[in-house]
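Here is a short tour for anyone meeting this protein for the first time. Have a look at the sequence and the model, then read on.

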Amino acid sequence: MSDSPSVFSRLVAKLVDYQHVLIIILSVFLISTSGWILMGRGLRNGASIWDYLHVYLGLITAALSFSMLVICCIKGRWRQMFPWLLADFSQLNKDLFGLAKGKIPLAGGRGLYSCIEGLGILLLVGVGFTGVIWFCLQGSSDALMWRGYHILLVKGFIGFFLIHVFCACLHLLDFIRN
Ligand code: HEM
Ligand code: HEM
């Protein structure tokens, strides 16, 4: 029997390689074009190209956010991304005290960067999930409620995005300095 990986496992490996960059491109697109969308309780007959792009690229992003969550949880990685689930705040406290003294936290482990990344995935999954529920309930008044939750979570996700990019820049600065 051949030991070469199947087409499916090669496809999954490629997805894992590119999912972070795909999520960056798609979420930047969805956020930056959101000023041009207007959908309310459902996609209208005369919906604009921006509305259609938001809905269908949003559905792809929602699926990618779920696969990112799964990949960040398997092989025990959930302990690193969500240490607060185990009430383990040791490295987080160390990073925060260090930060107060002007020390940039180290990436990886169960520290500040990993906790922020974990919260970011949960926010993106929440944004995608509320979007999908809106899509399924289009036309009803419940759709308006889920649109409200979606917009609320989007605000949290934009906050994460800005903090995460700032952390990535600090990380890069530290790397160059060393
Ligand atoms: C997962 C990635 C997604 C991101 C980053 C995202 C981002 C956004 C942003 C930034 C807004 C504008 C919020 C505001 O007005 O303050 C918005 C609105 C909205 N999104 Fe998404 N979205 C995503 C997925 C989806 C999906 C999957 C759907 C539905 C299939 C969806 C449906 C909507 C609707 C209905 C609105 C309100 C539009 C309106 O009536 O003005 N989104 N989204
Ligand atoms: C321009 C935007 C972004 C930049 C420059 C960026 C940069 C980075 C960098 C440098 C790392 C590695 C940090 C480390 O070593 O711990 C990282 C990890 C990570 N980022 Fe981003 N990122 C961006 C957007 C996003 C978005 C939108 C998400 C969505 C949730 C995200 C989720 C993650 C996660 C979960 C990790 C850790 C797991 C992994 O390595 O795959 N990032 N990012």
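## The overall picture

Of the protein's 178 residues, 17% count as buried; a residue is buried if 20 or more other C-beta atoms lie within 10 Å of its own, exposed if 12 or fewer, and partly exposed in between, with C-beta atoms placed from the backbone. This is a predicted model, where local features need pLDDT of at least 70 and side-chain atom pairs count only at pLDDT 80 or more, while totals for chains, interfaces and linings use all residues. Residues are numbered from 1 along each chain as its sequence is written, and chains are lettered from A and ligands numbered from 1 in the order in which they are written.

You'll find six helices and zero strands here, and the pattern along the sequence reads α-α-α-α-α-α. Helices (H or I, at least four residues) and strands (E, at least two) are DSSP runs, numbered from the N terminus. The C-alpha trace spans about 55 × 55 × 35 Å along its principal axes. Take the contacts between residues at least 6 apart in sequence: 63% of them join residues at least 24 apart. Two residues are in contact if their C-beta atoms, placed from the backbone, lie within 7 Å.

## The nonpolar core

Which residues make up the largest nonpolar core? There are nine: Leu64, Met68, Ile121, Leu123, Leu124, Val127, Leu153, Val154 and Phe157. Helix 2 (49–73), helix 5 (112–136) and helix 6 (141–177) are the elements that give two or more residues to this core, and helix 5 gives the most, with four. A nonpolar core, by the way, is a set of buried Ala, Val, Leu, Ile, Met, Phe, Trp, Tyr and Cys residues joined through C-beta atoms within 7 Å.

Zoom in on Ile121 from that core. Leaving out residues up to four places away in sequence, Ile121 touches Ser65, Met68, Leu69 and Cys72.

Now for how the helices pack. Two packed helices are described by the angle between their axes and the distance between the axes. Here axes are lines fitted to C-alpha atoms, for helices over the stretch in contact, and angles run from 0 to 180 degrees between N-to-C directions. Angles under 35 degrees count as roughly parallel, over 145 as roughly antiparallel, 65 to 115 as roughly perpendicular and the rest as oblique.

Start with helix 1 (residues 7–32) and helix 2: their axes come within 10 Å and cross at roughly 140 degrees, which makes helix 1 oblique to helix 2. This crossing is left-handed, meaning that the near helix is turned anticlockwise from the far one by less than a right angle (clockwise would be right-handed). Residues of helix 1 in this contact include Leu15, Leu22 and Phe29, and among those they meet in helix 2 are His54, Leu64 and Met68. By class, the contact of helix 1 with helix 2 has twelve nonpolar, seven polar and no charged residues. For these classes, Ala, Val, Leu, Ile, Met, Phe, Trp, Tyr, Cys and Pro count as nonpolar, Asp, Glu, Lys and Arg as charged, and the others, Gly among them, as polar.

Helix 2 also packs with helix 5, and these axes come within 9 Å, crossing at roughly 140 degrees. That makes helix 2 oblique to helix 5, and the crossing is left-handed. Among the residues that helix 2 brings to this contact are Val55, Phe66 and Cys72, with Ile121, Leu124 and Phe135 included on the helix 5 side. The residues here divide into 13 nonpolar, five polar and no charged.

## Helix 5 meets helix 6

Helix 5 and helix 6 pack at an angle of about 155 degrees, and their axes are 8 Å apart. The two are therefore roughly antiparallel to each other. Helix 5 passes helix 6 in a left-handed crossing. Sorted by class, the contact of helix 5 with helix 6 has 17 nonpolar, seven polar and two charged residues.

## A buried serine

Ser114 touches Gln80, Met81, Gly108 and Gly109, not counting residues up to four places away in sequence.

## Two loop residues

Lys75 is in the loop between helix 2 and helix 3 (78–81). Its phi is near 55 degrees, a positive value in a residue other than glycine. Lys75 is exposed, with 8 other C-beta atoms within 10 Å.

Ala87 lies in the loop between helix 3 and helix 4 (90–100). For Ala87, too, phi is near 55 degrees, a positive value in a residue other than glycine. Ala87 counts as exposed, with 6 C-beta neighbours inside 10 Å.
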